[in-house]
Amino acid sequence: MVCLHLLRLGAVPIKTVQIIAEGVEFYLGVTPIIHPDILDPDRAFDLDRGQYHATRLLENLEAFHQSPHERVLGLTEVDLFIPILTFVFGEARLNNPCALLSLRRLSPQFYGLPNNPNQTLHRAIVEAIHELGHTFGLLHCSDYRCVMHASRLADDIDLKGPGFCAECARHLQSQKLSPRITAK
Amino acid sequence: MNDKSRILVVDDEQVIRNALHDWFAEDGYVVETACDAREALKKLDDALWDIVLLDIKMPGMDGLELQSHITEIQPQAVVIIMTAYASVDTAVQALKAGAYDYVQKPIDPEELEHLIEKASEHQKLLRENRQLKQRLENLSTEDMPEIVGESPGIRHVKDLIRTVAQTNATVLITGESGTGKELVARAIHRGSPRHHMPMVTAHCAGLPEGLVESELFGHEKGAFTGASYRRKGKFELADGGTIFFDEIADISPKTQIDLLRVLQEKTFTRLGGTQPVQTDFRVIAATNRNLSHAVDQGLFRQDLYYRLNVFTIDIPPLREHPEDILLMAQHFVEKYAREMNRQANHISQEAMAYLKTCLWPGNVRELENAIERAVVVQTGEEVQLSDLPLLQSKNIPSNDDLSLAEQEKHHIQSVLDLMDGNVTRTAKALSIDRVTLYNKIRKYGLKRSP
């Protein structure tokens, strides 16, 4: 039985975390445990770039991982980067139990557009499931409707849904998960 | 997401290598990393890579120097240069050295994705292009589908073609009329590194004396009455490729001198022009005459003969490799049936036996013409003896003084012999009725049993 921990890195409203947890539970078939602890992301702050180093934050999360059946998803509102790229929405490594997601660039406000909390939350659920998919060994999917399809821009996330294509779902089912298959 | 391009990331910073490794792995690419040029060269020795992402600033050998090695070791690899310090100079330097593209770190995720997709597509096209070229080369040098025959004589000709094709040597092809000299020339050209460029044929016997210079060297506008525009000659048209002189023995003494000069200097001047034109061509010449005898008789320049006679391929006449006749005949039946949309796919036993008795003074061309005619007139799947034209047979004395009646007598006798004296089959083969055949047998006193 897979156990999923949700952790906050810096200030993230608990309500937001709960909604993401519900979305993850519905589409991935795993009930997350929301941790009360809030990790400080400042040690990963890069002065030159004014962003937070995603890989370092990911390493912090690894301390919370105890057994092979556990997954850890960190949620933050800080802007993430990895050195080679200008930004990342989140980070996860294939078959590595920890994943990280930033809400910062998911909000339309970041792009100078009117605030739309529902859209931001929808994007957050989709990307949280996407990053967790990588922790279960899923690669990017060529089906544009599948949650595992790569999104390089926030708008790309709106094109896909939170569900999995049949092939990605089969992969997760083989790991005793009950994912939702996206409607065709 | 693609058909698994292989990506090698070369960067001295581990965080960059790891980040790119994970990034590409999530997209399903096969990816490995190297921390410096030495490790990269080792990985380039060990395996083929489709895309190499290369940091420009590295300790030891820098990215640009490594790029030049990659171009030598794995020319198929697409190299993308990455740098943290973008400048127009380094970008130009990288692109001039053959890099596919140039990106500045940090890279926008969308830009990186597009770049890799574009590079993968480019790589795929390059690979397809190479495979197609390879198939063409194999088709031309290995199979030589147009040169049919398994006799020792034809096998020897094919071996010589393979030997000389890859070189730049001048080739003299000799053989009787109709033996396929131009086909051999084309096979040499297609098997050569020049096969992407044209093979230009100059039919020396057909070059009008007054126009030969213009044909070979071209002319400038106004060089002579009617020269209303500049025209390239055959030497210029063959630039980078091959020029084939058919029936070389037929060129005039003056043209022999001109030709010799061009072969020696590889430069010439267009008619009416003053500027020398330099071209790069390979020469293949063919003749059905004995050029050595022509030299002895003073009809052909000795120096030109030596220039042309670097590597000789002598094609045997068909009568010297009769074992190939049936193979060739079958090949031509299939070829013309395909071209004419006919059902013919094989030759009857009688027709085969007849073809074997023919003398073939016109060699393969005569055989091809005979089969072409047969495919035109036949109706079923089998080419019959009656479909074939009357050919010069070993059973018919080839004496021009013989009367028509004598020719007829010998021909009917030979067909009767072929058909073991069977009147019905003989009449059918001769396209006459049985009564007429009986009358002819009686008239000429022919024997019905061999």
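Two strands are said to pair if DSSP finds at least two bridges between them. In this predicted model, such pairing links strand E1 (residues 3-9) of chain A to E2(A) through five bridges, and one of the residues involved is Leu4(A), whose bridge partner in E2(A) is Pro32(A).

**Overall make-up of chain A**

- Chain A contains five helices and eight strands.
- Read from the N terminus, the elements of chain A follow the order β-α-β-β-β-α-β-β-β-β-α-α-α.
- Chain A has 184 residues, of which 44% count as buried.
- Among the contacts in chain A with a separation of 6 or more, 61% are between residues 24 or more positions apart.

**The sheet of chain A**

- Five strands of chain A form an open sheet in the order E2-E1-E5-E8-E7, and the pairing is mixed.
- The edges of this sheet are strand E2 (32-39) and strand E7 (90-92) of chain A, each of which pairs on one side only.
- From one strand to the next, the twist averages 20°.
- Strands E1(A) and E2(A) run parallel to each other.

**Helices on the sheet of chain A**

- Helix H1 (residues 14-28) of chain A lies across E1, E2 and strand E5 (70-76) of chain A.
- The direction of H1(A) is at about 150° to E2(A).
- Helix H2 (residues 54-61) of chain A also packs on the sheet, where H2(A) touches E1, E2, E5, E7 and strand E8 (98-102) of chain A.
- The direction of H2(A) makes about 130° with that of E8(A).

**Contact between chains A and B**

- Chain B contributes 18 residues to the contact, and chain A contributes 16 residues.
- On the side of chain B that touches chain A, helix H1 (14-26) and helix H5 (109-143) of chain B each supply at least two residues.
- H1(B) provides the largest share of that side, namely seven residues.
- By class, the residues of chain B that make up this side are ten nonpolar, one polar and seven charged.

**Helices H16 and H17 of chain B**

- The axes of helix H16 (residues 404-418) and helix H17 (residues 423-430) of chain B come within 9 Å of each other and cross at roughly 130°.
- H16(B) and H17(B) are therefore oblique to each other.
- The crossing of H16(B) past H17(B) is right-handed.
- Ile412(B), Val415(B) and Leu416(B) of H16(B) meet Thr426(B), Ala429(B) and Leu430(B) of H17(B).
- This contact of H16(B) with H17(B) comprises five nonpolar residues, one polar residue and no charged residues.

**The surroundings of Phe217(B)**

- Phe217(B) belongs to helix H8 (residues 212-217) of chain B.
- Phe217(B) counts as buried because 22 C-beta neighbours lie inside 10 Å, the cut-off for a buried residue being 20 or more.
- Although Phe217(B) and Gly233(B) are 16 residues apart along the chain, their C-alpha atoms are separated by 4.4 Å.
- When neighbours within four places in sequence are left aside, the contacts of Phe217(B) are Gly233(B), Phe235(B), Phe268(B), Thr269(B), Arg270(B) and Leu271(B).

Definitions and conventions
Residues numbered from 1 in each chain as written. Chains lettered and ligands numbered in written order. Predicted model: local features only at pLDDT ≥ 70, side-chain atom pairs only at ≥ 80, totals over all residues. Axes fitted to C-alpha atoms, helices over the stretch in contact; angles between N-to-C directions. Helix = DSSP H or I, 4+ residues; strand = E, 2+ residues; numbered from the N terminus. Parallel < 35°, antiparallel > 145°, perpendicular 65-115°, else oblique. Left-handed = near helix turned anticlockwise from the far one by under 90°. Contact = placed C-beta atoms within 7 Å. Nonpolar A, V, L, I, M, F, W, Y, C, P; charged D, E, K, R; others polar. Buried ≥ 20, exposed ≤ 12 C-beta atoms within 10 Å, placed from the backbone.
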